[in-house]
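Hi,

Here is the model I promised to pass on.

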Protein chains: 2
Amino acid sequence: MNIFEQRQRWLQGEMVKRGWSGFLVTQNVDMYYYCGSMQTGYLFIPAEGEVLYLVRRSLVRAEEEASADVEALGSWKTLGERLRARCADADAAGAALRIATELDVLPVQLYVRLQTALPGAVWEDGSLLVREQRMIKSPDEVTAIRAAARVVDAALEAVIPHIREGMAEFELMALIEHQLRLRGHQGLMRMRAYNSELITGMVAAGASAAVPTYFDGPAGGTGLHPSSPQSSGRAPIRRGEPILVDLGCSIDGYLIDQTRTLVIGDLDPELQRAYDVAEQVLRATEARLQPGTIAEHLYLLALDQVNEAGLSAHFMGYGADQVKFLGHGIGLEIDELPVLAKGFKYPLTPGMVIAIEPKFTFPGRGVVGIEDTYLITESGFEKLTLTREGIIQTSK
Amino acid sequence: MNIFEQRQRWLQGEMVKRGWSGFLVTQNVDMYYYCGSMQTGYLFIPAEGEVLYLVRRSLVRAEEEASADVEALGSWKTLGERLRARCADADAAGAALRIATELDVLPVQLYVRLQTALPGAVWEDGSLLVREQRMIKSPDEVTAIRAAARVVDAALEAVIPHIREGMAEFELMALIEHQLRLRGHQGLMRMRAYNSELITGMVAAGASAAVPTYFDGPAGGTGLHPSSPQSSGRAPIRRGEPILVDLGCSIDGYLIDQTRTLVIGDLDPELQRAYDVAEQVLRATEARLQPGTIAEHLYLLALDQVNEAGLSAHFMGYGADQVKFLGHGIGLEIDELPVLAKGFKYPLTPGMVIAIEPKFTFPGRGVVGIEDTYLITESGFEKLTLTREGIIQTSK
């Protein structure tokens, strides 16, 4: 049984417990997770029996890629019957099917069409279950994240010698992206949340890095225009200001997320001290990074440390624009579970992969901090990020 | 009255005709279109009166950018009252508000939350109205698309001398993206349709360009992995095979879309002939590209021409993987109205911007074709694409 079939079986077990008839997977990333293919169509995982992949395009490609019975989607009118035929509990005349799907991402128009195609079915929100399953990575997923960690490290090191005073932020970002793509970055940084977008990462320097954004993360950036109001803008990078390089890349679908703080010349001592506190927070977090620790406790612990250091107002953004987390799960999407934030009671579990990103924002001056991605193991953690820590100084 | 306010007023006029109380804009791109800002929140356009922008983050930035009354989103519990207070028809005790929103993109979970926040409201699907309004571009939108046309042209010309036999597709793509980003490309190619993604464009050569994808477009590509199954892969580019360079970029939020066919050395005469037919289809389309022509007629006309040329099986993909359109509107998103396809009865209207892309797919051999983006004018059309036409030959 390959990894995709194992995932299907796990989900089937959960559906049986819940009395669901089946799961209609509609989102491309979830579809890939459960069958190894993301062609256009619907993946139907019945509570028992074989999985059906109804494909509009490309059928040939789905047949090559997917761990499922692949059929042409064909007429929408027959969709209901074809799904019903896969449900073991559809035999009882008139019994309403209970069909789960991902209501966190499914658009209303498509939902209404699906409801019409399966009249009488009761719909369940299966999105949390999918996200919880995806929270625990299998060894092959970790292998891909390791590969992404190597790519982002090599790309950053390749770019560092080319950083020069007066270079615009977007020029630095263009160099980084080029190095990432040459090393196999797929060019997508997928996020699950509505309206969320990420343009490779947050690369910005000095005052403009501290400009807040809509983006649900601690660093900001002016961006190039109000129509893409995040990350690198046109500001020149100046000597002595912190250059925040928060980067990811995607290899075989899987993402890494890391941040380093760079500077041309020397960093202001106050910002250097804040950076040092960020590393201390990371070390203190690592000390509790083991199975059984509750996700939110790591955030609360960090708040205490930051408070003691007198940096609460600057932690994870400034003032009203602070975000209220310390880290997040990562995998096929950037915004995975668990979140290290209040209300997230998940005990850390082997196989979780979490990006932890203590950062401090100083309006008018910049953002400093660090972010590493970790695998939770039986005995504690393994840091997947490879890049050297500490402020990275260049002299050009 | 600035352009954003003009758009709000137009929408208000349409809402009055329909008896709607207001439009709750939830999608980032639509929000930018109506107020000039895409911070996180909700933009409420009542049928009459001032527009309210409830912002979670960043409030400061929304205040700087938005043509609307900006307020902190605050507690979700007060959302209903605050929207109701803006509705002129909310005075009549118990009268149900009719609130439109974009049901084509809004996820079900969020929709349910909004329904709960506004108990008793009747919800209308306003997505088609928004898409129809956005179909007609204002002069400033055309200015941005012109800028994008210059960037994509300059980037392509900068890359052509570096194309070499044996270079992998993804290496060519990395070069192109670098040149685009250095010239101001925002790094996003937004699409509206669920699950749609575009990694800058479709750049692929020979047999691998003809590999079909899930993507709703005529060209395919292997991509780097089944988790991003489109566009450039690892195949080396070989002498004599067509290199399809279907590219876009985003300037000030607005996209251009163009395709050129390149070759190292000489192209096979049969593929050259198919390319020539693609240019003939484009010329014949241009001859009808004027106000009043019905969108679908251009597609039907192209089908006739292609049939006469004996190339029907190869047009816009091959066999079961053919797509059934000739072109598409473009603006803030790639997949805008009108679509040049059966069932689209829109008469061409000044201000429409349409990418027209006749292409022919030859399995095992490659894809050839051309794509230009056009503005419909009072007297006919203006071609916005600047890049030279014809097969672009290189000799390296």
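The area buried between chain A and chain B is about 5,600 Å², and carbon and sulfur atoms give 51% of that. Buried area here is the accessible area (1.4 Å probe) that two parts lose on being put together, summed over both. The contact (heavy atoms within 4.5 Å) takes 66 residues from chain A and 66 residues from chain B.

Before you go further: this is a predicted model, so local features need pLDDT of at least 70 and side-chain atom pairs count only at pLDDT 80 or more, while totals for chains, interfaces and linings use all residues. Residues are numbered from 1 along each chain as its sequence is written, chains are lettered from A and ligands numbered from 1 in the order in which they are written, and side-chain values use heavy atoms, with hydrogens and water left out.

Back to the interface. The rule finds four salt bridges across it (a side-chain nitrogen of Lys or Arg within 4 Å of a carboxyl oxygen of Asp or Glu). A:Arg181 pairs with B:Glu177 in a salt bridge, with 2.7 Å between the closest N and O atoms. There are also 48 residue pairs in polar contact between chain A and chain B, both residues at pLDDT 80 or more. A polar contact is a pair of N or O atoms within 3.5 Å; within protein, one must be able to donate a hydrogen and the other to accept it, and residues adjacent in sequence count only if both atoms are side-chain atoms.

Which elements give two or more residues to the side of chain A that touches chain B? They are α2 (28–35), α3 (59–65), α5 (108–117) and α8 (169–182) of chain A. α8(A) gives the most, with nine residues. Helices (H or I, at least four residues) and strands (E, at least two) are DSSP runs, numbered from the N terminus.

A:Arg181 turns up again in the lining of the second largest cavity, along with residues including A:Gln186, B:Phe170 and B:Met173. That cavity holds about 80 Å³ of space. A cavity is a set of points on a 1 Å grid over the protein atoms alone where a 1.4 Å probe fits but cannot get out, and lining residues have an atom within 4 Å of a point.

Over all chains, the structure holds 66 salt bridges. In one of them, A:Asp140 meets A:Arg7, the closest N and O atoms being 3.9 Å apart. A:Asp140 lies in helix α7 (residues 139–159) and A:Arg7 in helix α1 (residues 3–18) of chain A, so this pair ties together parts that are 133 residues apart in sequence.

Most residues other than glycine have a negative phi, and most peptide bonds are trans. A:Arg57 and A:Ser58 are joined by a cis peptide bond, with omega about -5°. A:Ser58 sits in the loop between β3 (52–57) and α3 of chain A. The bond from A:Leu337 to A:Pro338 is cis too, with omega near -5°. A:Thr200 is not a glycine but has a positive phi of about 70°.

Cheers

Notes. On a 1 Å grid over the protein atoms alone, a cavity is a set of points where a 1.4 Å probe fits but cannot get out, and a pocket is an open set with protein on both sides within 12 Å along at least five of seven lines; lining residues have an atom within 4 Å of a point. Grid points are joined across faces, edges and corners, and a volume is the space filled by probe spheres set on the points.
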